[in-house]
Structures are given as structure tokens and as C-alpha cells.
Amino acid sequence: MSKLKILVAGDPVLRQKAQEVERMDKKTLRLLDDMAETMYAANGVGLAAPQIGVLKRIVVIDVGEGLIELINPVITYREGSAVGPEGCLSVPDYEGEVERAEIVHCEYYDRKGRKILIKADGLLAVCIQHELDHLDGVLFIDKAKVLMPKDFDGEQ
Ligand SMILES: [Zn+2]
């Protein structure tokens, strides 16, 4: 496994639409491993492939409940709305308040090619919506109702 460089806002790759994964090959499996390592090394809870310069519809998430690897994920159901704090490994200097659905259902394929459906709420639901936005070139700063520098109040 190897740690990859995370692109930051301003890089045009982050604004492009990612393509579906057509087959699981060794390269895709290695990419999943490298993405997880990169996310953990950066203390992130989620990472989308475009953030490391790969325009594929692949996301890794771990909100403290174990690693989830999502290939070709699609949100099939949304319910409610809530505004909460968000940050992003690709926008290291800012945090913001973003409105998201409270509950989402997400269909995706795992690394073995099995189709999975998860029903998520809380941080996992927010994270899924945030990471799937990356696959369409959308960043949380586009949606934030409030955006502020991380050292705004002199604290970390
Ligand atoms: Zn992000």
C-alpha cells in the first residue's frame, strides 16, 4: 500500500465528473487499499478517488464504525434535512455549515462485486453525501451556508 497525495481546491481535477468502474481488477483493488491508507494517514473520515487525482466513482469511508469501500455508489433515497459542520481534506483551511438530508439509502458495489444497500443517518449519512458530491465535481464550499477559516477564532 502507499499513501497518495491529496489534491486541494483549485485543482481542476476536483471539478470533473468521475467515471463508473467497469470491472474490478488488481488496479482497482490496489487503489482501494491506497485510498484507505491515505484517508487514515490524514485523519479523515472519507475520501473520494478524484481527491487523489483518479476520476473513478470510488469512495472510502470510516466514521469510526469500520472501513466501507463504495464502488459506483448511488443515493437511492433521501429523507429530512439538517445543517451541520463539515470539513474536507481537499479544503484544509476552511470549515462550514452545510444542509444535507438526515437519512440516505445508498447502493454500491463492494470489492467483491457484491451489490450492497446501506441505510445511513448521522455522520455516516453526511459523509456519504459529501463524498458522492466529489464524484460529480462538487465541493462542500459550494453548498456551505456559512464558511469560515479554521483559525477564525484563534483555536484549532
Ligand atoms: Zn471532501
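Strands β4 and β5 form a hairpin with two residues between them; helices (H or I, at least four residues) and strands (E, at least two) are DSSP runs, numbered from the N terminus. The model is a predicted one, in which local features need pLDDT of at least 70, side-chain atom pairs count only at pLDDT 80 or more, and totals for chains, interfaces and linings use all residues. Residues are numbered from 1 along each chain as its sequence is written, and side-chain values use heavy atoms, with hydrogens and water left out.

- The antiparallel pairing of β4 with β5 (residues 91-100) runs over six bridges; two strands count as paired if DSSP finds at least two bridges between them.
- Within this pairing, Ala82 stands opposite Arg100 in β5.
- Strand β5 also pairs with β8 (residues 146-149), in the antiparallel sense and over four bridges.
- Here Gly96 is the residue opposite Leu147 in β8.

**Zinc site**

- Cys88 (SG), His130 (NE2) and His134 (NE2) coordinate the zinc ion at 2.1 to 2.2 Å.
- Donors are N, O and S atoms within 2.8 Å of the metal (3.2 Å for Na, K and Ca); water is not among the atoms, so sites may look incomplete.
- The donor residues follow the sequence spacing C-x41-H-x3-H.
- Because Cys88 belongs to strand β4 (residues 82-88) and His134 to helix α2 (residues 122-135), the pair ties together parts that are 46 residues apart in sequence.
- Cys88 counts as buried, at 8% relative accessibility, and His134 is buried with a relative accessible area of 1%; buried means under 20% relative accessible area, exposed over 50%, and partly exposed in between (1.4 Å probe, protein chains only).

**Cysteines**

- The count of disulfides is zero, a disulfide being a pair of cysteine sulfur atoms within 2.5 Å.
- Cys127 is in no disulfide, and the nearest cysteine sulfur, that of Cys88, is 10 Å away.
- With 5% relative accessibility, Cys127 counts as buried.

**Five-stranded sheet**

- An open sheet of five strands, paired antiparallel, has the order β1-β2-β3-β6-β7.
- At its edges stand β1 (46-48) and β7 (115-121), each with a single partner strand, so one side of each is left without a neighbour in the sheet.
- From one strand to the next, the twist averages 40 degrees.
- Four bridges join the antiparallel strands β2 (residues 58-61) and β3 (residues 68-79), with Val59 opposite Leu70 in β3.

**Helix α1 on the sheet**

- Helix α1 (residues 26-41) packs on the sheet and touches β1, β2 and β3, its direction making about 40 degrees with that of β2.
- Contact means heavy atoms within 4.5 Å; axes are lines fitted to C-alpha atoms, for helices over the stretch in contact, and angles run from 0 to 180 degrees between N-to-C directions.
- The 16 residues of α1 reach 23 Å from first C-alpha to last, close to the 22 Å expected at 1.5 Å a residue; the expected span is 1.5 Å times one less than the number of residues.
- Among the buried residues of α1 are Leu31, Leu32, Met35 and Met39, and what covers the buried residues of this helix includes β1, β2 and β3.
- Just after α1, Asn43 takes a positive phi of about 55 degrees.

**Segment before α1**

- Lys5 lies in the segment before α1 and counts as exposed, at 66% relative accessibility.
- Leaving aside neighbours within four places in sequence, Lys5 is in contact with Gln51 and Ile52.
- The C-alpha atoms of Lys5 and Asn43 are separated by 14 Å, the two residues being 38 residues apart along the chain.
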